[in-house]
Amino acid sequence: RIVQLRHEKPSHIVMPAIHLRREEVGALFAQEMGSPAELDDPDELTAVARRDLRNRFLGAQAGLTGVNFAVAETGSFVVVTNEGNADLGTALPELHIASVGLEKIIPKTRDLAPFLRLLARSATGQPISTYTSHFLGPRDAATSTGDAARPENRAPEQHIVIVDNGRSRLLGQPAFREALACIRCGACLNTCPVYRRSGGHSYEATLPGPIGSVLEPSRDPARHRELPHACTLCGSCSSVCPVGIPLHHQLLTWRGKLAEGGHHSRPRRLAFGLVGRLFTRPGAYRGLTRVGRRLVRALPESWLERWAAPWTRERRLPEIPAQSFRELYAAEQKARSDPGRTGGNTK
């Protein structure tokens with residue numbers, strides 16, 4: 001509700017408004033819901049939102065939910081939440097529309113319990129989520145509200161929309177099909193050093209973080225060609241993933257596929273070509289880095305900070321060393337092998 005009122009996208013898979021402080025939420029509620037100004041107590045803010053939302057739920061003609069897991073054996077599906085809005089959205093209106101990605105379908109009921117435990121523990125550290133609601137069809141007409149104010153008092157209905165949106169195409173690619181095992185717990189976002197520094201909105205995608213950087217290019221490679229490069233390849237996301245998706249390997253693979261597909265700009269292709277040639281010529285590499293280091297050390301620090309902006313808005317550039325590691329290592333080895341310095345052969 002907060003991000004809706006701000007007309008912005010969620011910044012996290014599990015906690016959509018994690019990028020906001022409670023003072024910002026209080027100012028938003030004061031503007032949109034008429035709550036007292038300067039209100040920043042979490043419990044009081046929750047009460048304000050609850051009063052506003054309750055009337056909307058009571059007057060709604062349809063409730064829309066996602067689906068965390070669907071069971072092929074029974075045709076049922078499960079919606080997992082911590083605040084209970086999904087329960088209100090399905091219990092009060094006569095029409096329930098549920099959208100499920102085709103990868104969320106699991107074979108049998110017995111497969112459900114392990115996934116529910118994995119989801120809660122990996123997403124928020126809870127033993128189990130507060131609400132785990134199971135649906136096996138429209139609710140019984142006997143439980144209908146029977147609200148005479150409604151334009152029609154039809155029997156309850158339930159509609160399930162199975163969403164593909166590029167999933168079948170991803171399933172056909174062996175290098176990336178494991179990404180469809182994602183349960184949307186957000187663990188990879190929580191551990192990613194890039195996401196934690198930049199936030200979800202910097203990805204300009206529905207799904208941010210490592211998993212988004214794998215899934216979004218498969219849907220629209222031209223628009224999201226930069227996302228696989230926003231990764232340090234540290235492997236932390238793969239280590240914490242509860243379903244074992246090799247995310248950093250997939251991101252590295254995407255880099256190659258995007259390059260082969262011509263999704264890099266001409267200046268970038270030219271730059272990488274030059275760097276590639278330089279890396280295959282050790283002598284030229286050492287000579288160029290030596291000249292470049294001396295040049296950079298000679299420039300005024302203010303020039304370097306302007307050149308490195310916006311990186312230097314919040315931090316200072318590290319000091320440029322006078323010698324490279326290779327030069328320092330060679331000097332140290334020479335000193336160790338000098339008998340005059342050590343008083344004898346060190347062998």
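Predicted model: local features only at pLDDT ≥ 70, side-chain atom pairs only at ≥ 80, totals over all residues.
Visitor: Which residues in α11 do P210, I211, S213, V214, P217 and S218 in α9 meet?
Guide: Good place to start! On the α9 side are P210, I211, S213, V214, P217 and S218. Their partners in α11 are L247, Q250, L251 and W254.

Visitor: How do the residues of that contact divide into nonpolar, polar and charged?
Guide: Let's sort the contact of α9 with α11 by class. No charged residues take part. The rest divide into 3 polar and 7 nonpolar.

Visitor: At roughly what angle do the axes of α9 and α11 cross?
Guide: Two packed helices are described by the angle between their axes and the distance between the axes. Here α9 covers residues 209-219 and α11 covers residues 247-260. Their axes come within 9 Å, and the crossing is left-handed. The angle is roughly 40°.

Visitor: Which element gives the most to the lining of the largest cavity?
Guide: Rolling a probe the size of a water molecule over the atoms shows where empty space is left. The structure holds 2 cavities of 30 Å³ or more, and about 110 Å³ of space lies in the largest cavity. Two or more lining residues come from each of α8 (193-198), α9, α10 (236-240) and α11. With 3 residues, the element that gives the most is α9.

Visitor: Which lining residues lie nearest the centre of the largest cavity?
Guide: The lining has 10 nonpolar, 6 polar and no charged residues. It is made of 16 residues, and those nearest the centre are C192, P210, C231, C237 and L251.

Visitor: How many charged residues does the lining of the second largest cavity have?
Guide: About 90 Å³ of space lies in the second largest cavity. Its lining has 14 residues, with C182, C185, C188, C241 and P242 nearest the centre. By class, 12 are nonpolar and 1 is polar, and the number of charged residues is 1.

Visitor: Which helix gives the most to the lining of the second largest pocket?
Guide: About 290 Å³ of space lies in this pocket. Its lining includes V296, R297, W307 and R316, and by class has 7 nonpolar, no polar and 4 charged residues. At least two lining residues come from each of α13 (282-298) and α14 (301-308). The helix that gives the most, with 3 residues, is α14.

Definitions and conventions
Residues numbered from 1 in each chain as written. Heavy atoms only, no water. 1 Å grid on protein atoms, 1.4 Å probe; cavity = no way out; pocket = protein on both sides within 12 Å on 5 of 7 lines; lining within 4 Å. Points joined across faces, edges and corners; volume = space filled by probe spheres on them. Helix = DSSP H or I, 4+ residues; strand = E, 2+ residues; numbered from the N terminus. Nonpolar A, V, L, I, M, F, W, Y, C, P; charged D, E, K, R; others polar. Axes fitted to C-alpha atoms, helices over the stretch in contact; angles between N-to-C directions. Left-handed = near helix turned anticlockwise from the far one by under 90°. Contact = heavy atoms within 4.5 Å.
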